[in-house]
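Thanks for coming. I will take one model today and go through its contacts, its strands and its open space.

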Amino acid sequence: MSNETGGGSRLPRTVRMKSADLRKNIVKVMGRVQYGREHIQAVRYQEAQAVIVPVEWYENACRALEEEGRLPAVEDDTAGL
């Protein structure tokens, strides 16, 4: 099965990653998401907890769902925890 579409753009693949591995490799993971066209599914106790996707993908999803109110993101006030 090919990841190519008729328009020539490659569809992102979703990769499962344990949360401990994600924590250790967050900078590499962010690069894989941004440049490698991957979505990373964070798994904890064998359960999917979250998916890391490129910002553009997230913004497009919000617009498609008519949830523009989610954009732009707000500052994280828990950074000191």
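I start with a contact: the side chains of R13 and E38 meet in a salt bridge, N to O at 2.7 Å. The term stands for a side-chain nitrogen of Lys or Arg within 4 Å of a carboxyl oxygen of Asp or Glu. This pair links distant parts of the chain, with R13 in strand β1 and E38 in strand β2, 25 residues apart.

Some ground rules. This is a predicted model, where local features need pLDDT of at least 70 and side-chain atom pairs count only at pLDDT 80 or more, while totals for chains, interfaces and linings use all residues. Residues are numbered from 1 along each chain as its sequence is written, and side-chain values use heavy atoms, with hydrogens and water left out.

Back to E38. R32 also forms a salt bridge with E38, and there the closest N and O atoms are 2.6 Å apart. Through shared partners, R13, R32 and E38 are joined into one network. Two salt bridges are found in a search of the whole structure.

Is E38 buried or exposed? E38 counts as buried, at 7% relative accessibility. The cut-offs are under 20% relative accessible area for buried, over 50% for exposed, and partly exposed in between, with a 1.4 Å probe and protein chains only. R13 is partly exposed at 45%, and R32 is partly exposed at 30%. Over the chain of 81 residues, buried ones make up 16%.

Now the fold. The chain has three helices and three strands, and from the N terminus the elements run β-α-α-β-β-α. Helices (H or I, at least four residues) and strands (E, at least two) are DSSP runs, numbered from the N terminus.

Strand β2, residues 38-44, is mostly covered, with six of its seven residues buried. On one side of the pairing list, β1 (residues 13-18) and β2 run parallel and are joined by six bridges; two strands count as paired if DSSP finds at least two bridges between them. K18 has V43 as its bridge partner in β2.

The other pairing is antiparallel: β2 and β3, residues 47-52, share five bridges. In β3, Q41 is partnered by V51 and R44 by E47. β2 and β3 form a hairpin with two residues between them, and Y45 in that turn has a positive phi of about 55°.

Next, open space. What volume does the largest pocket have? About 220 Å³. The elements giving two or more residues to its lining are α2 and α3, the latter being 55-64. α3 gives the most, with four residues. The lining includes V33, H39 and W57. For the method: on a 1 Å grid over the protein atoms alone, a pocket is an open set of points where a 1.4 Å probe fits, with protein on both sides within 12 Å along at least five of seven lines, and lining residues have an atom within 4 Å of a point. Points are joined across faces, edges and corners, and the volume is the space filled by probe spheres set on them.

Last, the surface. I26, V27 and M30 make a nonpolar patch of about 290 Å². Patch residues have over 30% relative accessible area and no salt bridge, and nonpolar side chains (Val, Leu, Ile, Met, Phe, Trp, Tyr) are joined within 5 Å, like charges within 9 Å. Areas come from the Shrake-Rupley method with a 1.4 Å probe, and for residues only the protein chains shown count as cover. V27 lies in helix α2, residues 26-35, and is exposed at 67% relative accessible area.
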